[in-house]
Amino acid sequence: MSMWWSLHLRREAASVPLARRFLLGTMETAGVDPDISYDLSVALSEACANAVEHGGDLADAGEAGEAGPVPVGGTRPGRACGQYRVTAYLDGEKCRIEVADSGPGFPSRRTLRTAAHPSAAHAAGDPAHPRTAVHPPATAESGRGLCLIEELADHVHFGNRPGHGAVVSFDKVLKWREGALLMVS
């Protein structure tokens with residue numbers, strides 16, 4: 001058995017714990033090991049926080065009011081969307097999570113390097129290797145989220161959607177509690 005769900009959330013701080021609780025509830029119901037659930041929920045929180053912070057124009061996120069109704073479709077012409085999407089897939093072996101926004105996206109490949117395992121291939125910008133996060137300076141007050149996602153998940157991909165928007169996708173091999181609903185036989 002497998003399951004998936006998708007949430008379309010407003011770019012508001014309150015959406016981050018909502019997405020996290022939804023994931024934790026799903027994983028608990030399915031019977032996923034609590035340590036795995038916790039790791040994935042922290043990674044999801046970081047990805048959602050990035051979407052809220054960087055995923056579009058603040059006026060559309062409801063943080064700087066703008067007069068006038070929003071047209072059908074939820075966006076003003078020429079403006080970024082005030083929403084982002086979280087999709088989670090659970091099957092017998094792994095959980096895959098994707099967070100997509102409509103912001104400016106990630107910078108070009110040459111400004112990203114591997115956080116955990118630097119190598120000559122990454123330094124040379126080898127396109128066969130995925131983008132990875134850059135460690136922020138030790139004194140930075142923010143910027144650790146993408147590195148944290150890389151540490152908590154088994155596989156991570158940072159990419160851009162055609163047009164505008166960033167996509168953070170990550171997965172982790174699951175461990176199950178005894179008698180779990182989705183456990184592989």
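1. Running from the N terminus, the elements of the protein chain follow the order β-α-α-β-β-α-α-β-β, which amounts to four helices and five strands. Please keep in mind throughout that this is a predicted model. Of the 185 residues in the protein chain, 41% count as buried. Among the contacts in the protein chain with a separation of 6 or more, 61% are accounted for by residues 24 or more positions apart.

2. The five strands make up an open sheet, whose order is 1-2-3-5-4 and whose pairing is antiparallel. Strand 1 (3–10) and strand 4 (155–160) are the edge strands, each of them pairing on one side only. From one strand to the next, the twist averages 10°.

3. Two of the facing positions can be named: His 155 stands opposite Asp 171 of strand 5, and His 157 stands opposite Ser 169 of strand 5. The two strands form a hairpin with five residues between them, and in the turn Gly 163 has a positive phi of about 90°.

4. Which strands does helix 1 lie across? Helix 1 (residues 15–30) lies across strand 1, strand 2 (83–90) and strand 3 (94–100), and its direction runs at about 170° to that of strand 1. Helix 2 (residues 34–54) also packs on the sheet, where it touches strand 2, strand 3 and strand 5, and its direction makes about 180° with that of strand 5.

5. The axes of helix 1 and helix 2 come within 9 Å of each other and cross at roughly 155°, so these two helices are roughly antiparallel. The crossing in which helix 1 passes helix 2 is right-handed. On the side of helix 1, the residues that meet helix 2 are Ser 15, Val 16, Ala 19, Arg 20, Leu 23, Leu 24 and Met 27; on the side of helix 2, the residues include Tyr 38, Leu 40, Val 42, Leu 44, Cys 48, Ala 49 and Val 52. Sorted by class, this contact of helix 1 with helix 2 has 12 nonpolar, four polar and one charged residues.

6. Helix 4 (residues 145–152) is mostly covered, with six of its eight residues buried. The buried residues in helix 4 are Gly 145, Leu 146, Cys 147, Ile 149, Glu 150 and Leu 152, and they pack against helix 2, strand 4 and strand 5.

7. The pairing of helix 2 with helix 4 deserves a separate look. The axes of helix 2 and helix 4 come within 9 Å and cross at roughly 155°, which makes helix 2 roughly antiparallel to helix 4. The crossing of helix 2 and helix 4 is left-handed. From helix 2, Asp 39, Val 42, Ala 43, Glu 46, Ala 47 and Asn 50 meet Gly 145, Leu 146, Leu 148, Ile 149 and Leu 152 of helix 4. By class, the contact of helix 2 with helix 4 has seven nonpolar, two polar and two charged residues.

8. Is Asn 50 buried or partly exposed? Asn 50, which lies in helix 2, has a relative accessible area of 23% and is therefore partly exposed, since buried means under 20%. Not counting residues up to four places away in sequence, Asn 50 touches Gly 55 and Leu 146. Asn 50 and Val 168 are 118 residues apart in sequence, whereas their C-alpha atoms are 9.5 Å apart in space.

9. With neighbours within four places in sequence left aside, Lys 172 is in contact with Ile 36, Asp 39, Leu 40, Glu 93, Lys 94, Cys 95, Leu 152 and Asp 154. One of these contacts, Asp 39, is also among the residues of helix 2 that meet helix 4, and another, Leu 152, is one of the buried residues of helix 4.

Key
Residues are numbered from 1 along each chain as its sequence is written. This is a predicted model: local features need pLDDT of at least 70, side-chain atom pairs count only at pLDDT 80 or more; totals for chains, interfaces and linings use all residues. Side-chain values use heavy atoms; hydrogens and water are left out. Two strands pair if DSSP finds at least two bridges between them. Axes are lines fitted to C-alpha atoms, for helices over the stretch in contact, and angles run from 0 to 180 degrees between N-to-C directions. Contact means heavy atoms within 4.5 Å. Angles under 35 degrees count as roughly parallel, over 145 as roughly antiparallel, 65 to 115 as roughly perpendicular and the rest as oblique. A crossing is left-handed if the near helix is turned anticlockwise from the far one by less than a right angle, and right-handed if clockwise. Ala, Val, Leu, Ile, Met, Phe, Trp, Tyr, Cys and Pro count as nonpolar, Asp, Glu, Lys and Arg as charged, and the others, Gly among them, as polar. Buried means under 20% relative accessible area, exposed over 50%, partly exposed in between (1.4 Å probe, protein chains only).
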